[in-house]
Amino acid sequence: MDEEKLRELVERAKNRDVEAFGSLYDFYVSGIYRYTYYRVGSKEDAEDLTEEVFLKALEAIGRFTWREVPFSAWLYRIARNTVVDHFRRETRRVQVVLEEDVMAPETTGPVELVAAKLSQEEVQRAISRLTDDQQQVVILKFFVGLSNSDIANFIGKTEGAVKALQHRALESLSKILRGSQGDE
Amino acid sequence: MNKDFDEKELKDKKLEDALEECLDLVRTNKETVQDCLSRYPNLREKLEPLLRAAVILQATPSVEPSPEFRVRTRQALIEKVSVPAAVAARRLRPRRLLMQLVAAALIFLLIVGGIAAASTSALPTSPLYPVKLGIEKVQLALATSDAARANLRIRFAERRLDELQEMVKLKESRAIQRIANAINKETGEAFEETRNLSGTDKDVLLDKLVNLTERQQAVLQRVYDKAPEEAKAALLHAQEVSRRGHERAAEALRGIRERKIKPEEKFPAKPPVKRSPPGQLKKGEGTPGKSSKSGHGSENGRGTENSQGSRNFLDQKPL
């Protein structure tokens with residue numbers, strides 16, 4: 001969607017235009033769903049959270065201003081906060097695993113990762129072992145398709161910091177995936 | 001020490017830039033991982049596992065929300081968008097006198113121009129349709145009592161139902177969806193106005209609402225099979241909302257009549273526990289999105305409004 005069209009839809013949605021909000025929903029629903037799915041790892045929870053995100057967006061859109069952040073970053077921040085609230089509620093889940101904890105077992109010699117297709121569940125489990133910021137970058141880059149610039153806006157860091165997080169995230173994922181292949 | 005640190009930082013920066021470039025080239029199928037690695041022989045050892053991990057992520061099958069979820073949630077949001085606007089309009093009542101004066105002037109002009117007469121039979125696809133809706137707004141502004149406004153809302157809901165049938169004949173799917181929402185909206189407003197009434201007025205209007213919602217369900221059921229596929233979800237939803245509205249109106253009417261029989265009963269009986277609709281909406285009492293499993297929407301006193309935002313506006317308060 002081009003910037004001009006997006007601005008028009010957002011302005012109309014701020015005035016509670018049903019069709020404009022419906023169009024924004026149609027455009028963003030898949031990305032928000034994928035974001036929540038890879039954060040929480042359950043399709044049912046992802047549906048609940050996706051709906052919650054749009055309901056919150058509807059409540060708050062009247063206060064949205066273009067000066068602060070792009071609309072997509074604003075919407076994904078709502079998604080991030082909704083997921084954080086979800087984790088707080090789901091006390092059974094141990095969410096954050098520090099990067100130091102995911103160091104792979106020592107291996108001898110180079111191990112070639114097989115670029116086999118892993119299931120969504122396997123990939124989600126691996127991602128869930130990254131630090132919070134790394135998860136944000138990997139999910140938004142590889143599954144939602146946001147640019148580094150949008151991700152930087154979203155997490156409130158520079159594009160350089162996003163690249164560094166991406167580097168560390170892929171490094172950790174490489175180790176995690178090698179570890180899980182070694183387990184089999 | 002500082003020199004070592006700077007050198008490491010520089011190496012990392014080079015690696016991050018090379019990684020970014022390779023990710024872009026591989027993602028857009030301009031180069032393979034091997035092609036890209038050959039560009040950076042000095043970084044190959046560090047770059048290769050990173051690119052392999054990225055390829056695995058890119059090869060993961062996409063996860064998408066189900067079509068049923070998309071439609072259900074969209075309907076719930078649309079319903080939610082409509083309701084607060086009506087509430088906001090209600091807050092403008094202190095300005096009603098001024099609005100009535102302006103409205104009277106407008107209606108005079110419209111009648112003189114003959115446009116009003118021409119628009120009365122306008123359908124949603126007609127250029128005169130906005131005039132028809134404008135006149136309805138003027139009529140509402142001129143109404144001097146809740147009962148008069150409730151009667152108007154009922155009349156407008158009847159009109160929308162007639163328009164819906166015409167739009168189904170014309171296979172105008174967007175108009176069908178809009179009118180299906182408008183039917184629920186007008187009916188919801190009629191309920192709101194009726195809520196404020198008492199005595200015979202309330203009795204009469206509840207009776208009208210029972211008949212209105214009964215007819216709505218019959219018409220919505222009848223046109224469903226003939227409607228375009230993309231409009232069916234909206235019709236189904238409108239039918240469900242109408243069904244629940246019918247139950248509530250009938251229940252309120254029964255309550256009033258029972259109290260007339262037993263005048264010693266001072267307070268209305270507790271309303272019965274709501275039951276879920278039979279499988280038309282997936283989760284909760286017409287509350288798409290909150291599964292009983294998670295049940296987290298209203299914890300800590302927060303999120304209640306959001307999590308129940310899709311709640312049917314017809315059954316938020318007792319009638």
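## Burial and the tyrosine pair

A residue is buried when its relative accessible area is under 20%. A:Tyr76, with a relative accessible area of 2%, is therefore buried. A:Tyr35 has a relative accessible area of 0%, so A:Tyr35 is buried as well. These values come from a predicted model.

Over all chains, the count of aromatic pairs comes to 13. In one of them, the ring centres of A:Tyr35 and A:Tyr76 lie 5.8 Å apart and the planes meet at 75°, so the pair is edge-to-face. The pair links distant parts of the chain, 41 residues apart: A:Tyr35 belongs to helix α2 of chain A and A:Tyr76 to helix α4 (residues 71–89) of chain A.

A:Phe64 and A:Phe71 form an aromatic pair that is edge-to-face, with 5.4 Å from centre to centre and 90° between the planes. Both A:Phe64 and A:Phe71 are buried.

Apart from its neighbours within four places in sequence, A:Phe71 is in contact with A:Leu6, A:Val10, A:Leu24, A:Tyr28, A:Ile61, A:Phe64 and A:Trp66. In chain B, the charged end of B:Lys232 sits over the ring of B:Tyr224, at 5.1 Å from the ring centre.

## Nonpolar core

The largest nonpolar core holds 82 residues, and those that touch the most other members are A:Phe71, A:Trp74, A:Ile127 and A:Leu170. Helix α2 (residues 18–40) of chain A supplies the largest share of this core, 12 residues.

## Helix α6 of chain A

Helix α6 spans residues 132–144 of chain A; 11 of its 13 residues are buried, so the helix is largely enclosed by the rest of the structure. The buried residues include the polar A:Gln134, A:Gln135 and A:Gln136 and the charged A:Lys141. Also buried in this helix are A:Val137, A:Val138, A:Ile139, A:Leu140, A:Phe142, A:Phe143 and A:Val144. Just after α6(A), A:Gly145 takes a positive phi of about 90°.

## The two chains

Chain A has eight helices and zero strands. Of its 184 residues, 53% count as buried. Among contacts in chain A with a separation of 6 or more, 68% are between residues 24 or more positions apart. Chain A exposes about 8,300 Å², with 48% of that area supplied by carbon and sulfur atoms.

Chain B contains 12 helices and zero strands. Of the 319 residues of chain B, 45% count as buried. Residues 24 or more positions apart make up 66% of the chain B contacts with a separation of 6 or more. The accessible surface of chain B is about 17,200 Å², and 57% of this belongs to carbon and sulfur atoms.

## Confidence

The average pLDDT of chain A is 81, and 82% of the residues score at least 70. Over residues 92–116 of chain A, pLDDT stays under 50. For this stretch the model has 42 contacts beyond four places in sequence. Where pLDDT is low, the predicted coordinates should not be read in detail.

How values were computed: Residues are numbered from 1 along each chain as its sequence is written. Chains are lettered from A and ligands numbered from 1 in the order in which they are written. This is a predicted model: local features need pLDDT of at least 70, side-chain atom pairs count only at pLDDT 80 or more; totals for chains, interfaces and linings use all residues. Side-chain values use heavy atoms; hydrogens and water are left out. pLDDT is the predictor's confidence in each residue, from 0 to 100. Contact means heavy atoms within 4.5 Å. Buried means under 20% relative accessible area, exposed over 50%, partly exposed in between (1.4 Å probe, protein chains only). Helices (H or I, at least four residues) and strands (E, at least two) are DSSP runs, numbered from the N terminus. Accessible areas come from the Shrake-Rupley method with a 1.4 Å probe; for residues, only the protein chains shown count as cover. A nonpolar core is a set of buried Ala, Val, Leu, Ile, Met, Phe, Trp, Tyr and Cys residues joined through side-chain atoms within 4.5 Å. Rings of Phe, Tyr and Trp (its six-membered ring) pair if their centres lie within 6.5 Å; planes under 30 degrees apart count as stacked, over 60 as edge-to-face and the rest as tilted. A charge sits over a ring if NZ of Lys or CZ of Arg is within 6 Å of the ring centre and within 35 degrees of the ring normal.
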